[in-house]
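Keep the sequence and the model open beside you as you read.

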Amino acid sequence: MAAIDCGTNSIRLLVADLPDPAAGPDAPLVDLSRRMEIVRLGQGVDKTGRLAPEAIERTRVALASYAAEIDTLGVDRVRMCATSASRDASNAGDFRAMVERTLGVAPEVVTGDEEARLSFTGAVRGLPADALEPYLVIDIGGGSTEFVVGTRAGGVEAAISMDVGCVRMTERHLLGDPPGLDQIAAAQADITVAVDRALEAVPGRQAATLVGLAGSVTTVVAIAEGLTEYEPERIHHARVSYGAVAEVTAGLLAKTREQRLAIPVMHPGRADVIGAGALVLRTIMERAGMSTVVASEHDILDGIAWSLA
């Protein structure tokens with residue numbers, strides 16, 4: 001089966017088989033391929049309300065490559081979920097038509113709540129025993145951040161999606177290179193309002209373990225761990241303190257884009273928005289009173305794949 005997650009900043013592919021039933025209920029999927037391209041589909045959406053033609057074309061090129069791999073691997077079932085940017089855009093029909101031409105299936109523009117539930121499903125399978133329940137799972141995307149509280153056995157108890165993501169906050173506030181203190185303060189205020197609303201709604205402050213998903217979190221964790229190259233197996237389920245997250249965030253916000261690009265674990269397509277993503281993570285930890293965050297490389301993409309099982 002093939003799962004595709006098309007977000008505001010990136011488009012990702014997972015081709016996988018189900019695990020052997022003898023491996024137990026928490027066994028992960030058997031990966032055949034995991035790929036990610038930064039296409040910035042949500043470029044300018046917060047300001048214009050429309051998907052830029054060049055952003056749709058970048059997405060088409062990546063999707064065509066994924067379609068070829070799906071065909072080569074003989075996939076039986078395909079599900080593509082499109083998230084924040086394509087929910088917000090007035091010309092979402094152009095995007096949908098492109099996907100159907102390129103992939104042969106229609107994209108599902110999932111609601112924020114469904115996005116949150118898929119992320120939770122993908123994230124909680126296989127969490128280590130010291131990750132106490134209930135979990136607060138946060139998925140920091142380009143346009144939005146999902147907050148989900150639940151347990152392994154009981155599933156999702158509450159979920160909400162807020163329009164604070166690394167692309168949206170960068171385009172709205174962090175315009176300097178590096179951003180000025182006034183820009184950072186404005187972003188912090190915007191994020192804090194949204195985070196407080198989310199934590200009351202889910203309710204996140206009652207959770208025992210914070211689990212962080214997506215590229216902003218995994219990049220911050222990779223920097224905090226001092227990795228000299230991006231190593232998913234070392235990042236997956238790494239536990240990082242609030243102090244380390246705060247230090248990395250301050251460092252990223254103080255650097256120019258060129259300086260961030262020089263960080264060994266930095267994906268080139270993430271360098272201009274990582275400061276905002278780190279700021280969202282730091283603010284969630286502060287407002288939720290979380291002393292640590294557990295990173296997960298398994299997220300909504302895995303949840304989409306499990307939904308096909």
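Threonine 209 lies in strand S9, which covers residues 209–213; strands here are DSSP runs of E with at least two residues, helices are runs of H or I with at least four, and both are numbered from the N terminus. At 4% relative accessibility, threonine 209 counts as buried. Buried means under 20% relative accessible area, exposed means over 50%, and partly exposed is in between, with a 1.4 Å probe and protein chains only. Leaving out residues up to four places away in sequence, threonine 209 touches Ala131, Leu132, Pro134, Tyr135, Leu136, Met290 and Val294, where contact means heavy atoms within 4.5 Å.

Before going further, a word on the model: it is predicted, so local features need pLDDT of at least 70 and side-chain atom pairs count only at pLDDT 80 or more, while totals for chains, interfaces and linings use all residues. Residues are numbered from 1 along each chain as its sequence is written, and side-chain values use heavy atoms, with hydrogens and water left out.

Now step to leucine 210. Not counting residues up to four places away in sequence, leucine 210 touches Leu136, Ile138, Ile284, Met285, Met290, Thr292, Val293 and Val294.

Is alanine 194 buried or exposed? With a relative accessible area of 10%, alanine 194 is buried. Apart from neighbours within four places in sequence, alanine 194 is in contact with Met162 and Val164. Alanine 194 and threonine 145 are 49 residues apart in sequence, and their C-alpha atoms are 9.5 Å apart in space.

Next, the open sheet. Five strands form it in the order S3-S2-S1-S4-S5, with mixed pairing; two strands pair if DSSP finds at least two bridges between them. The edge strands are S3 (30–38) and S5 (108–109), each of which pairs on one side only. Strand S4 (residues 78–82) pairs with S5 in the parallel sense over two bridges. Cysteine 81 has glutamate 108, in S5, as its bridge partner.

Cysteine 166 is in no disulfide either, and the nearest cysteine sulfur, that of cysteine 6, is 14 Å away. Cysteine 6 is buried, at 1% relative accessible area, and cysteine 166 counts as buried at 2%.

Finally, zoom out to the whole chain. Its secondary structure comes to 13 helices and 11 strands. Of the 309 residues, 56% count as buried. Along the principal axes, the C-alpha trace spans about 50 × 45 × 40 Å. Among contacts with a separation of 6 or more, 71% come from residues 24 or more positions apart.

Note on methods. Disulfide = S-S within 2.5 Å.
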